[in-house]
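Below are my numbered comments on the model, written for a colleague who will work from the coordinates. Please read them with the sequence and structure open.

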Amino acid sequence: MNLAIVNGPNLQALGRREPEHYGQQTMDSILENLHRTMPRHRIDYFQSNHEGALIDCLYELESRGCSGVVLNAGGYTHTSVALADCIRTVNMPVVEVHLSNIFAREDFRHKSLISNACIGVIAGFGPEVYAMGVRALEDFCKNKR
């Protein structure tokens with residue numbers, strides 16, 4: 001499968017940003033582990049701090065025939081109607097992931113504007129959420145055939 005992981009704002013700082021919430025692993029080490037443990041998949045990666053760039057990326061992935069996306073929209077999870085509209089428009093499954101348990105944090109993090117556009121949500125398992133998201137896409141795509 002041709003999959004992508006798309007990360008939103010501030011996730012380039014994984015490993016040093018609030019490690020009590022997001023862990024100490026860098027995104028490079030998370031990706032390295034995914035490529036090592038899931039070699040049967042091509043897993044592309046994109047990160048941006050800009051909402052429009054994330055939207056452009058999702059449309060570009062769709063046009064390239066991407067099988068599915070694991071999306072950590074960061075703070076845009078709670079604010080972006082535009083990102084939710086894009087997810088509803090692209091013809092590929094999107095799994096929403098969060099490293100921390102957003103429901104055990106500040107109240108404003110309890111509301112996701114993108115969840116109802118995604119096929120599922122995985123939160124609170126640290127860096128493992130990315131592998132869990134890939135496995136969820138595997139299962140979803142396999143069951144759609």
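1. His78 is placed in the loop between S3 and H4, where helices (H or I, at least four residues) and strands (E, at least two) are DSSP runs numbered from the N terminus. With a relative accessible area of 14%, His78 is buried; the term buried stands for under 20% relative accessible area, exposed for over 50% and partly exposed for anything in between, with a 1.4 Å probe and protein chains only. Beyond its neighbours within four places in sequence, His78 is in contact (heavy atoms within 4.5 Å) with Phe108, Arg109, Lys111 and Leu113.

2. A word on the basis of these comments: this is a predicted model, in which local features need pLDDT of at least 70 and side-chain atom pairs count only at pLDDT 80 or more, while totals for chains, interfaces and linings use all residues. Residues are numbered from 1 along each chain as its sequence is written, and side-chain values use heavy atoms, with hydrogens and water left out.

3. Thr77 also belongs to the loop between S3 and H4, and it counts as buried because its relative accessibility is 0%. A polar atom of the Thr77 side chain lies 2.8 Å from the backbone oxygen of Gly74. Not counting residues up to four places away in sequence, Thr77 touches Glu96, His98, Lys111, Ser112, Leu113 and Ile114.

4. Which residues does the UniProt annotation "active site" cover? The unreviewed entry gives Tyr22 and His98; UniProt positions are quoted in the numbering used here with shortened feature names, and annotations may be inferred rather than shown by experiment. His98 has its place in strand S4 and counts as buried because its relative accessibility is 5%. The side chains of His98 and Glu96 are joined by a polar contact of 2.6 Å, that is, a pair of N or O atoms within 3.5 Å, of which, within protein, one must be able to donate a hydrogen and the other to accept it, residues adjacent in sequence counting only if both atoms are side-chain atoms. Residues up to four places away in sequence aside, His98 touches Asn72, Thr77, Val121, Ile122, Ala123, Gly124, Phe125 and Val129.

5. For "binding site", the unreviewed UniProt entry lists Asn72, His78, Asp85, Leu99, Ser100 and Arg109. These positions are spread over 38 residues of sequence and also in space, with up to 24.3 Å between C-alpha atoms. Leu99 is found in the loop between S4 and S5 and counts as buried at 4% relative accessibility.

6. How are the strands arranged in the sheet? Five strands form an open sheet with parallel pairing, in the order S2-S1-S3-S4-S5, a pair requiring at least two bridges found by DSSP between the two strands. Strand S2 (42-47) and strand S5 (120-123) are the edge strands, each pairing on one side only, and neighbouring strands are turned by 20 degrees against each other on average, direction ignored. S4 (residues 94-98) pairs with S5 in the parallel sense over four bridges, and Val97 stands opposite Ile122 in S5.

7. Helix H3 (residues 51-63) lies across strand S1 (2-7), S2 and S3, and runs at about 175 degrees to S1; axes here are lines fitted to C-alpha atoms, for helices over the stretch in contact, with angles from 0 to 180 degrees between N-to-C directions.

8. The largest nonpolar core has 22 residues, of which Val6, Leu58, Leu61, Val69, Leu71, Leu83 and Ile87 touch the most other members; such a core is a set of buried Ala, Val, Leu, Ile, Met, Phe, Trp, Tyr and Cys residues joined through side-chain atoms within 4.5 Å. S1, H3, S3 and helix H4 (81-89) each supply at least two residues of this core, and H3 gives the most, with five residues. A second, separate core of 20 residues includes Leu11, Met27, Val95 and Val134.

9. Finally, Ile119 sits in the loop between S4 and S5 and counts as partly exposed at 39% relative accessibility. The C-alpha atoms of Ile119 and Leu99 are separated by 18 Å, the two residues being 20 residues apart along the chain.
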